[in-house]
Amino acid sequence: MKVIKLEDVLNTERDVDGGNWRSQRLVVEKDGVGYSVHDTQIRAGTETHLWYKHHLESVYIIEGEGEVETIKDGKVWPVKKFECYVLDEHDEHYLRAKTDMRMVCVFNPPTTGEEIHDEDGAYQLPEHLKK
């Protein structure tokens, strides 16, 4: 059993600022549970291109509102507090924050906790997790 406090992650290597967003990685790959959990804040008025080619992601919004646009079909999904969206097909997308947003993000496979998005909007998969 583990208890991970947000205050213990703040201002460490697990607290990553990507410009449009800031994310505290509470559970990461080295915790050994097969997924990672992030407390992520998205700044109001931003648009972020994301494409998790190597990860599946579920996002539960606990504050704010915005929209997700899936690039392959141009569909726009309004999202808000107390809703969950699931990127179950490695969906390339735009995340647009109408207000400041706070969300809990779960990734499979897990992230190491120090990633930032590459030029495609993806997290690279560490060598030891590649199959």
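**View 1. Four strands make an open sheet in the order S4-S9-S6-S7, with antiparallel pairing.** Strands here are DSSP runs of E with at least two residues, numbered from the N terminus, and two of them pair if DSSP finds at least two bridges between them. At the edges sit S4 (47-51) and S7, each pairing on one side only. On average, neighbouring strands of this sheet are turned by 25° against each other, direction ignored; the axes are lines fitted to C-alpha atoms, and angles run from 0 to 180 degrees between N-to-C directions. This is a predicted model, where local features need pLDDT of at least 70, side-chain atom pairs count only at pLDDT 80 or more, and totals for chains, interfaces and linings use all residues. Residues are numbered from 1 along each chain as its sequence is written, and side-chain values use heavy atoms, with hydrogens and water left out.

**View 2. S6 and S7 run antiparallel, joined by six bridges.** Look for Val 68, which stands opposite Trp 77 in S7. Is Glu 67 buried or exposed? Glu 67 counts as buried because its relative accessibility is 18%, and the cut-offs are under 20% relative accessible area for buried, over 50% for exposed and partly exposed in between, with a 1.4 Å probe and protein chains only. Leaving out residues up to four places away in sequence, Glu 67 touches Val 76, Trp 77, Pro 78, Val 79, Tyr 94, Leu 95, Arg 96 and Lys 98; a contact means heavy atoms within 4.5 Å.

**View 3. Strand S5 (residues 56-63) is joined to S8 by four bridges, and the two run antiparallel.** Here Tyr 60 stands opposite Cys 84 in S8. S8 has a covered face with Tyr 85 and Leu 87, while Cys 84 and Val 86 are on the uncovered one. S5 also pairs with strand S10 (residues 101-108), in the antiparallel sense over seven bridges. In that pairing, Leu 56 has Asn 108 as its bridge partner.

**View 4. The largest pocket holds about 190 Å³ of space.** A pocket is an open set of points on a 1 Å grid over the protein atoms alone, where a 1.4 Å probe fits, with protein on both sides within 12 Å along at least five of seven lines; lining residues have an atom within 4 Å of a point. Among the lining residues are Lys 72, Asp 73, Tyr 85 and Asp 91. Strands S6 (65-70), S7 (75-80) and S8 (84-87) each give two or more residues to the lining. By class, that lining has seven nonpolar, one polar and four charged residues.

Key. Grid points are joined across faces, edges and corners, and a volume is the space filled by probe spheres set on the points. Ala, Val, Leu, Ile, Met, Phe, Trp, Tyr, Cys and Pro count as nonpolar, Asp, Glu, Lys and Arg as charged, and the others, Gly among them, as polar.
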